[in-house]
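Grab a pencil and open the viewer.

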Amino acid sequence: MSLLYSLARALDRVSPAPIAHAHCDIPCGIYDPHHAQLAAHTVVRMVDLINQLEKPGPNATAEQRQEYTNKLTRYIATKEQHSEIAKSELRILWADYFKPDHLKTFPELHDTMWKALKTASKARQEINLQAAEDLLKATNDVALMFWKTKGFETITAKAPYPTERQTVYPKFK
Amino acid sequence: MFPFTRFRVEDESMRPTLEPGDYVLVNRWAYRFQSPKRGDLVVVRDPEALDRFLVKRVSDATGPTEVRLAGDNRIASRDSRAFGPVPLERIVGKVWIRLKR
């Protein structure tokens, strides 16, 4: 231990040196809220499709019932899968991307994330358009915070998918 | 403003050049009359949290108004690969002396 090092450490007792982070973060900081938003759109779309699906009447043939069951099952399976993708993506952003520093700018971060995950579970469990819409809104709220931490402005625009719901996009320079 | 200021290093992205607990003395006037060069050790304001400081190495200084930064410990570094180039005004100064633990 050098004399200068001891001196610097002694100085810390009087006035602590600021920290220069040699920050480490594996894997390499590649995050994007778009996956969560896209999964939420899929959930909304599946609820729409389920609600539009014509139910077989009392005189429906076996083939018609089979086709109905097949479509309904496929929509439900996709809704299950994509609500889980939304949850997984939100958890990654919450646990890995957002840092304590971000809480200073967004004190509501934990509450937003927690509610977003609960909403995703509800959208998964039920055939509930409101829950699906709430999930999409929650992913948009997270996207707003995310892009702000990256220093990008955002626009809210109608998505170019059949769901056509309002979606938050970054304005890349 | 006094030209020299000290920082204490935390985290591991600059290993083996800098270990956690080392101090660096930083010259805040180093880039008054000359530009950063590739290979310089610098302290910058974190582009993703401006109230925080990062210590990194300049990996590309070809841009007139910005530099790219990299950690010496490539597999464990959040740097310009994640947050892009850093404007020159975010540079606090050049590391002048390293005080090893």
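Predicted model: local features only at pLDDT ≥ 70, side-chain atom pairs only at ≥ 80, totals over all residues.

Residues are numbered from 1 along each chain as its sequence is written, while chains are lettered from A and ligands numbered from 1 in the order in which they are written.

**Exercise 1. Find out which element of chain A has the lowest mean pLDDT and which has the highest.**

Step 1: Know your score. pLDDT is the predictor's confidence in each residue, from 0 to 100.

Step 2: Check the chains. Chain A has a mean pLDDT of 91, with 95% of its residues at 70 or more. For chain B the mean is 90, and 98% of its residues reach 70 or more.

Step 3: Go to the elements. Here helices (H or I, at least four residues) and strands (E, at least two) are DSSP runs, numbered from the N terminus.

**Exercise 2. Work out how α2(A) and α6(A) are oriented to each other.**

Step 1: Pick your quantities. Two packed helices are described by the angle between their axes and the distance between the axes. Axes are lines fitted to C-alpha atoms, for helices over the stretch in contact, and angles run from 0 to 180 degrees between N-to-C directions.

Step 2: Read them off. The axes of α2(A) and helix α6 (residues 129-149) of chain A cross at roughly 165° and come within 9 Å.

Step 3: Apply the cut-offs. Angles under 35 degrees count as roughly parallel, over 145 as roughly antiparallel, 65 to 115 as roughly perpendicular and the rest as oblique. So α2(A) and α6(A) are roughly antiparallel to each other.

Step 4: See who touches whom. Two residues are in contact if their C-beta atoms, placed from the backbone, lie within 7 Å. On the α2(A) side, the contact residues include A:A36, A:V43 and A:V47, and on the α6(A) side they include A:L135, A:T139 and A:V142.

**Exercise 3. Bring in α3(A): how is it oriented to α2(A), and how to α6(A)?**

Step 1: Start with α2(A). Its axis and that of helix α3 (residues 62-97) of chain A are 8 Å apart, at an angle of about 155°. That is why α2(A) and α3(A) count as roughly antiparallel to each other.

Step 2: Now α6(A). The axes of α3(A) and α6(A) cross at roughly 25° and come within 12 Å. α3(A) and α6(A) are therefore roughly parallel to each other.

Step 3: Look at the residues. A:A86, A:L90 and A:L93 in α3(A) meet A:L135, A:T139, A:V142 and A:F146 in α6(A). By class, the residues of this contact of α3(A) with α6(A) are 6 nonpolar, 1 polar and no charged. (Ala, Val, Leu, Ile, Met, Phe, Trp, Tyr, Cys and Pro count as nonpolar, Asp, Glu, Lys and Arg as charged, and the others, Gly among them, as polar.)

**Exercise 4. Trace where chain A touches chain B, and follow the strands.**

Step 1: Count. 19 residues of chain A are in contact with 29 residues of chain B. On the chain A side, α1 (3-14) and β1 (19-21) are the elements that give two or more residues. That side has 12 nonpolar, 5 polar and 2 charged residues.

Step 2: Pair the strands. Two strands pair if DSSP finds at least two bridges between them. β1(A) pairs with strand β1 (residues 4-10) of chain B in the parallel sense, over 3 bridges. A:I19 stands opposite B:R8, and A:A20 has B:V9 as its bridge partner.

Step 3: Continue within chain B. β1(B) runs antiparallel to strand β2 (residues 23-27) of chain B, and 5 bridges join them.

**Exercise 5. Spot two backbone exceptions.**

Step 1: Recall the rule. Most residues other than glycine have a negative phi, and most peptide bonds are trans.

Step 2: Check chain B. A cis peptide bond, with omega about 0°, joins B:R15 and B:P16. B:P16 sits in the loop between β1 and β2 of chain B.

Step 3: Check chain A. A:E164 is not a glycine, yet its phi is positive, about 55°. You'll find A:E164 in the loop between β2 (154-158) and β3 (166-170) of chain A.
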